Amino acid sequence: MTCFSCLFGRNLDSATQRTAELDDELSGILNITLYTHRELRIATKDFSPTNKIGEGGFGSVYKGKLKNGHMAAIKVLSTESRQGVREFLTEIQVISEIEHENLVKLYGCCVEGNHRILVYNYLENNSLAKTLLGGGHCNIHFSWRTRTKICIGVARGLAYLHEEVRPHIIHRDIKASNILLDKDLTPKISDFGLAKLIPPNMTQVSTRVAGTIGYLAPEYAVRGQVTRRADIYSFGVLLIEIVSGRCNTNSRLPVEEQYLLERTWQLYERRELLGLVDTALNGNFDAQQACRFFKIGLLCTQEDQKLRPSMSTVVKMLTGEIDIDDKIITKPGLISDFLDLKVRSTAPKAKAESISTSYNSGSDNLDNTSLTSAGSSQATMTFTSPFTRSM
Ligand SMILES: Nc1ncnc2c1ncn2[C@@H]1O[C@H](COP(=O)(O)OP(=O)(O)OP(=O)(O)O)[C@@H](O)[C@H]1O
Ligand SMILES: [Mg+2]
């Protein structure tokens, strides 16, 4: 520990020439794998565009083959970080120790100079956004059984982050593109540590960290309250997307059908929920279970956050361990109401300003973030907030 603090006492960011030596020293102290930039350049063939598998709010992602033969997804964080090596590595250590069947595994990272690169286990079957909701350009058949496995798996992963990991982790960006599928179509939540890792000066990432509008709980969007209940809201939207096979917003549909959550509520009131099940299933699904899943989605997205069930309860509801037929479901916090009332900008992509990534063990209330502008239904959000950290 003495050695640890004396290492970090120096200005490590400017001492790039010492990075290799430092990596060796650090890897002896910290239980994480530190990759050299050279190693990752070799793994990705010099970050070749042909190896690029995606681009998100945090930067580009490359597929690469590591020295040990393992395939990896290598995420290059987009902005030069002024976050020190110490903070970055301490956070990484917490995340790298978290292991769960439904969470993407972080292999390690690279922190040479201004490079901040995360190395994850590579998942063969891409994200739910590109496959199930990708508009039919995929060969995967999402049977009813597969969908139930995915819904329950994601719920378990989130319950683990919310209720078992100490301090609790709030994901803040649960959505279809952050649910990756391995070769057996087991779902893995990705980016669960990124909100904690990104310092406030990394402005480009803030839109993603702050959330994506179709999945955003109203109290988070309006009052900036970041709690586990906001994640539960996003999960509810995702659950309905998986059963219906459609995105939360689709501007090509008739107006009354454009917002999935609003549509689900209409059909629930009319007792016609089954009409929303994905037609790609050709009727091959368990109708009672599908109806239950829609209702759980509605329970998770209720306007009053206190009424939303915890994720461990959601898991029990999904598996049938808890009966939901006696549950009263109240109206969801609808994005269309929110848009009418709150949105000022309609730019396709709101410009990011700053983020806050604090978290507080034992408390549901993470930080206060205030909405300054928001985009259209497909756009991401802009927030301003001081960087407050209270661990
Ligand atoms: N571990 C992984 N294995 C395989 N592919 C991955 C992995 N991580 C990311 N990807 C691919 O890279 C794409 C981009 O991921 P990234 O997380 O950067 O952006 P995103 O999920 O679309 O948006 P956001 O920035 O909000 O998370 C993903 O959609 C996925 O296709
Ligand atoms: Mg992602």
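Q: What makes Cys151, Phe293, Ile296, Gly297 and Cys300 contacts of leucine 239, leaving aside neighbours within four places in sequence?
A: Two residues are in contact if their C-beta atoms, placed from the backbone, lie within 7 Å, and leucine 239 meets that rule with these residues. This is a predicted model, in which local features need pLDDT of at least 70, side-chain atom pairs count only at pLDDT 80 or more, and totals for chains, interfaces and linings use all residues. Residues are numbered from 1 along each chain as its sequence is written, while chains are lettered from A and ligands numbered from 1 in the order in which they are written.

Q: Why is lysine 75 called buried?
A: A residue is buried if 20 or more other C-beta atoms lie within 10 Å of its own, exposed if 12 or fewer, and partly exposed in between, with C-beta atoms placed from the backbone. Lysine 75 has 24 such neighbours, so it counts as buried. Its contacts beyond four places in sequence include Phe58, Ile117 and Tyr120.

Q: What makes β3 and β4 a pair of strands?
A: Strands (E, at least two residues) are DSSP runs, numbered from the N terminus. Two strands pair if DSSP finds at least two bridges between them. Seven bridges join β3 to β4, and the two run antiparallel. Lysine 63 stands opposite alanine 73 in β4.

Q: How do you know that β2 and β3 pair too?
A: Strand β2 (residues 52-56) and strand β3 (residues 59-65) have four bridges in the antiparallel sense, against the required at least two. Lysine 52 has tyrosine 62 in β3 as its bridge partner.
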